[in-house]
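Biologist: I would like a close look at a single part of this model. Please take me through the metal site and its surroundings.

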Amino acid sequence: MATRASPPPGQAVASTASDAATASVPPAPEEPRAEPSRIAEMLDAIAEIGTDPTAGVSRLAFTAAERQAHELVSGWLRELGLTVRQDAIGNTIAERPGTVPGAKAIGVGSHLDSVPHGGRFDGIVGVVGAVEMVRLLSVTRRQLQHTLRVVLFAGEEGARFGEPCIGSKAVVGAFAGRDLGRILDAQGVSLASALQDVGLDPVRISAARWDPREWAAFLELHVEQARLLESEGRQVGLVDVVSGSTRLRLTLHGRADHSGGTPMDVRADALVAAADVVVAAEGLATDPRHRGTRATVGRLDVYPNSITTIPGRVTLTVDVRDVDSDRQRAAAAEITQIAAHICQRRGVRLEAEVIADTSPAVLPMWLREITSAVCRELGIDARPITSGAGHDAQVVNQLVPAGMIFVPSREGLSHVPEEWTSASDIARGVEVLYHSVLRLDGFLTEMSAEIGSADS
Ligand code: GLV
Ligand code: MN
Ligand code: MN
């Protein structure tokens with residue numbers, strides 16, 4: 001149970017030596033600095049919720065642990081004076097009003113759920129980064145002209161239901177007409193009943209939809225989850241494109257039988273056919289025609305999973321990722337076809353289903369120009385970067401222009417307990433986020449004044 005006291009968001013903590021290293025050109029003396037020690041404290045407090053006794057953090061989408069993390073961070077945001085609400089899909093939205101009535105909102109945030117046996121940084125960095133950013137605004141009593149909304153998305157990881165970014169997909173209206181009773185986890189629990197289990201009403205989720213007229217932009221701070229920044233010694237990545245994903249569930253129906261009594265030439269072994277499919281998926285993604293595609297079989301459920309029985313049924317998932325939507329979907333279709341041939345050859349029946357399909361996103365250049373100008377001013381070594389992972393910002397971008405700021409991942413590791421980013425690297429990312437929001441606030445005000453004068 002994470003009963004640990006909230007880190008007091010308003011209270012100053014002495015700077016550490018690593019603070020000094022967060023920027024080669026320090027910001028103006030009146031600008032506050034993000035505090036690595038406070039960031040580390042918040043990361044620790046969140047990681048306590050869902051710590052897995054076997055390894056890492058298991059705080060899956062739409063579980064009590066995920067809800068508890070939302071409550072903890074909601075408390076911090078309330079202490080900072082924000083008005084906090086939960087929307088119909090379980091996203092937490094905290095608001096700090098701007099000075100200009102009717103001005104659109106600038107959103108910041110990320111997600112609080114994790115994969116099974118995952119790390120403590122994926123998603124969480126963008127959440128604690130947003131909290132720290134609000135604290136910097138608060139200690140300087142800075143008023144933005146635009147409303148600031150901190151959004152803690154629910155159910156970003158596709159690990160539980162196959163469907164990723166459930167919270168952000170709800171805000172863009174992507175579930176309209178879909179039956180949430182048919183989106184299932186590995187235990188057969190539907191998304192509809194998982195929502196009910198945590199007190200949400202699946203029938204009402206359309207109420208979570210955002211009105212794009214209320215929003216100006218959204219910025220997400222996140223760990224890179226790859227090793228480019230570290231290998232180049234860069235401090236920050238500014239995302240240009242986010243990969244999409246197509247997810248397949250393949251069920252191979254063979255014939256279970258006695259492992260001793262059944263001759264090799266009369267078997268219909270579902271696991272042997274599945275093994276061929278796993279290798280074929282890897283082969284396809286490494287073929288030069290699919291340059292850039294990644295294909296992963298991450299789950300394999302074998303029935304009856306017994307030493308002395310030939311596997312009669314195997315269900316496996318294939319996660320196909322690409323920055324090119326045509327290539328992504330063509331690769332998924334091709335893997336399904338290859339699986340069908342394999343199964344035919346082995347006397348196994350194939351059932352194939354696309355369980356989730358998310359398009360890649362090209363993020364708007366004008367937002368990257370803002371984050372890039374901020375990095376230049378702060379003396380931060382930043383580069384454009386392409387995300388191999390999926391993100392809420394890529395979905396939000398369907399409705400509201402979105403940008404992403406990456407901080408380095410040690411050895412590129414992610415979705416594993418060893419996931420690590422130093423608090424000083426995160427603090428640097430928070431400062432980029434903070435100054436980007438300030439710059440965006442001014443830029444959007446100027447733009448609306450220009451549009452206003454052009455109209456008059
Ligand atoms: C989210 O981290 C994903 O699976 O891309
Ligand atoms: Mn993430
Ligand atoms: Mn993730």
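How far apart are the manganese ion (ligand 2) and the manganese ion (ligand 3), and which residue coordinates both?

Modeller: The two manganese ions are 3.7 Å apart, and D122 coordinates both. This is a predicted model, where local features need pLDDT of at least 70, side-chain atom pairs count only at pLDDT 80 or more, and totals for chains, interfaces and linings use all residues. Residues are numbered from 1 along each chain as written, chains are lettered from A and ligands numbered from 1 in written order, and side-chain values use heavy atoms, without hydrogens or water.

Take ligand 2 first. Its protein donors are H111 (NE2), D122 (OD) and H222 (NE2), at 2.0 to 2.2 Å. (Donors are N, O and S atoms within 2.8 Å of the metal, or 3.2 Å for Na, K and Ca; water is not among the atoms, so sites may look incomplete.) Along the sequence these donors follow the spacing H-x10-D-x99-H. H111 belongs to strand β3 (residues 105-111), and H222 to strand β5 (residues 215-223). This pair is 111 residues apart, so distant parts of the chain are linked. (Strands, E, at least two residues, and helices, H or I, at least four, are DSSP runs numbered from the N terminus.)

Now ligand 3. This manganese ion is held by D122 (OD), by E157 through two OE entries, and by H415 (NE2), at 2.0 to 2.5 Å. The spacing here is D-x34-E-x257-H. D122 is in the loop between β3 and α4 (124-139). H415 is in the loop between β15 (402-407) and α12 (423-455). They are 293 residues apart, and they too link distant parts of the chain.

Next comes ligand 1. Around ligand 1 are D122, E156, E157, Q225, R321, A389, G390 and H415, each with a heavy atom within 4 Å.

An oxygen atom of ligand 1 is 2.6 Å from a side-chain N or O atom of R321. A backbone N or O atom of G390 is 2.7 Å from a ligand oxygen. For the side chain of H415, the distance is 3.0 Å. Alone, ligand 1 exposes 200 Å², and the protein buries 95% of that (Shrake-Rupley method, 1.4 Å probe).

Technical notes:
A polar contact is a pair of N or O atoms within 3.5 Å; within protein, one must be able to donate a hydrogen and the other to accept it, and residues adjacent in sequence count only if both atoms are side-chain atoms.
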